[in-house]
Amino acid sequence: MRSAAGTRSADPMALDVRGALREGMARLRAAQVPSSTLAAELLLMHAIGRDRTWLYTNSEAMLDLAASEKYFALVARRAAGEPTQYLTGKQEFWGLEFEVTPAVLIPRPETEHIIEVALERLGPRGIKIDMVTGAPSPRLRIADVGTGSGCLAVALAHELPHAEIFATDISAAALEVARRNAARRGVSDRIHFIETNLLEAVIHESQVTGHEPRLFDLIVSNPPYVARNEAATLPREVRDHEPHAALFGGPTGVEIYSRLIEQAGSLLREGGVLVLELGHNAADEVRRMFHVQPGWVNVSITNDLAGIPRVLAAEHRV
Ligand SMILES: C[S@@+](CC[C@H](N)C(=O)[O-])C[C@H]1O[C@@H](n2cnc3c(N)ncnc32)[C@H](O)[C@@H]1O
């Protein structure tokens with residue numbers, strides 16, 4: 001029998017860890033899977049329930065048949081395009097491990113810039129205890145719009161123990177995953193998960209009750225921002241496997257920003273901050289929206305590590 005790599009594939013019953021890794025890498029490389037070495041390692045770690053250190057200190061350990069079959073089944077699915085994270089069910093974000101399923105976008109490292117910028121903009125408000133008086137800081141009210149796996153809401157709850165967070169998503173299935181991630185990190189009691197279109201339910205609540213709208217100190221969002229006609233340019237892992245509601249923001253990709261900026265303008269308190277992830281080439285257009293809509297000052301753009309404008313932050317003056 002020959003493997004997808006064109007080499008003789010070893011009998012899966014008689015493979016040790018090193019041999020299984022080599023064979024897995026070869027099959028993934030032949031299928032042009034990016035980062036094939038890392039993917040083969042992660043899938044083997046998942047299949048046998050061991051960490052990387054164990055793999056490399058036990059490279060001659062023999063795999064039993066069940067483990068071997070499980071591993072090569074995962075390799076085949078990865079070779080066919082399924083993202084590694086959906087196969088292992090996890091992804092790290094902000095140093096925390098998150099459950100991911102095909103109902104949620106896989107958190108990206110560049111999205112961590114939202115947390116960095118948000119913490120920087122909050123300044124002393126982000127510290128739980130006033131450093132001078134020792135008094136507890138006022139409770140922070142935060143919204144995360146389009147929470148997906150909950151990575152931003154949970155990371156912010158983790159960083160800001162005095163924050164109460166409202167995490168919204170249009171997808172009930174995504175909110176289920178986010179709720180589990182919050183529970184795993186022990187922050188469920190400070191995050192309210194709401195199924196709604198952007199922040200509509202939060203605005204509606206104040207209209208119905210006649211109460212003051214909930215006023216937020218911070219609103220963050222990594223909205224869907226890919227243009228519909230860009231679908232063909234996405235890697236197959238993304239286009240064929242990640243939820244389309246998490247990817248596509250409308251015909252041009254920027255439609256969602258203006259609605260979000262308008263809603264944020266009505267919900268942020270004086271000095272409150274909006275922090276948004278930016279789509280490809282969207283920085284100029286999104287920045288212009290802040291000039292058109294009233295009340296926005298201190299608009300800044302932060303590049304990601306690749307030098308691409310990635311995060312826009314703006315402060316609201318009532
Ligand atoms: C790009 S993903 C971001 C997920 C997560 N915050 C992250 O950074 O990994 C966008 C999320 O917004 C949700 N979404 C799309 N349109 C929405 C809308 N109109 N209102 C609320 N959520 C929306 C999607 O279901 C998806 O979970």
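**View 1. Leucine 140 stands opposite alanine 163 of strand β4 in this predicted model**. The two strands shown here, β3 (residues 140-145) and β4, run parallel and are joined by 6 bridges.

**View 2. Strand β4 (residues 163-169) is mostly covered, with 6 of its 7 residues buried**. Strand β4 also pairs in the parallel sense with strand β5 (residues 191-195), over 5 bridges, and within this pairing threonine 168 has isoleucine 194 of β5 as its bridge partner. The chain reaches β5 from β4 by way of helix α8 (residues 172-184), in a β-α-β crossover that is right-handed.

**View 3. Strand β9 (residues 268-277) is mostly covered, 7 of its 10 residues being buried**. Strand β6 (residues 216-221) pairs with β9 in the parallel sense over 5 bridges, and serine 221 finds its bridge partner in leucine 276 of β9. Strand β11 (residues 309-316), by contrast, runs antiparallel to β9, to which it is joined by 5 bridges; here the bridge partner of valine 275 is alanine 313 in β11.

**View 4. The protein is divided into domain 1 and domain 2**. Domain 1 covers residues 12-80, while domain 2 covers residues 90-316, and the C-alpha centres of domain 1 and domain 2 lie 36 Å apart.

Methods: Residues are numbered from 1 along each chain as its sequence is written. This is a predicted model: local features need pLDDT of at least 70, side-chain atom pairs count only at pLDDT 80 or more; totals for chains, interfaces and linings use all residues. Domain bounds come from an automatic or database domain assignment. A residue is buried if 20 or more other C-beta atoms lie within 10 Å of its own, exposed if 12 or fewer, and partly exposed in between; C-beta atoms are placed from the backbone. Helices (H or I, at least four residues) and strands (E, at least two) are DSSP runs, numbered from the N terminus. Two strands pair if DSSP finds at least two bridges between them. A crossover is right-handed if, with the strands pointing away from the viewer, the path from the first strand over the helix to the second runs clockwise.
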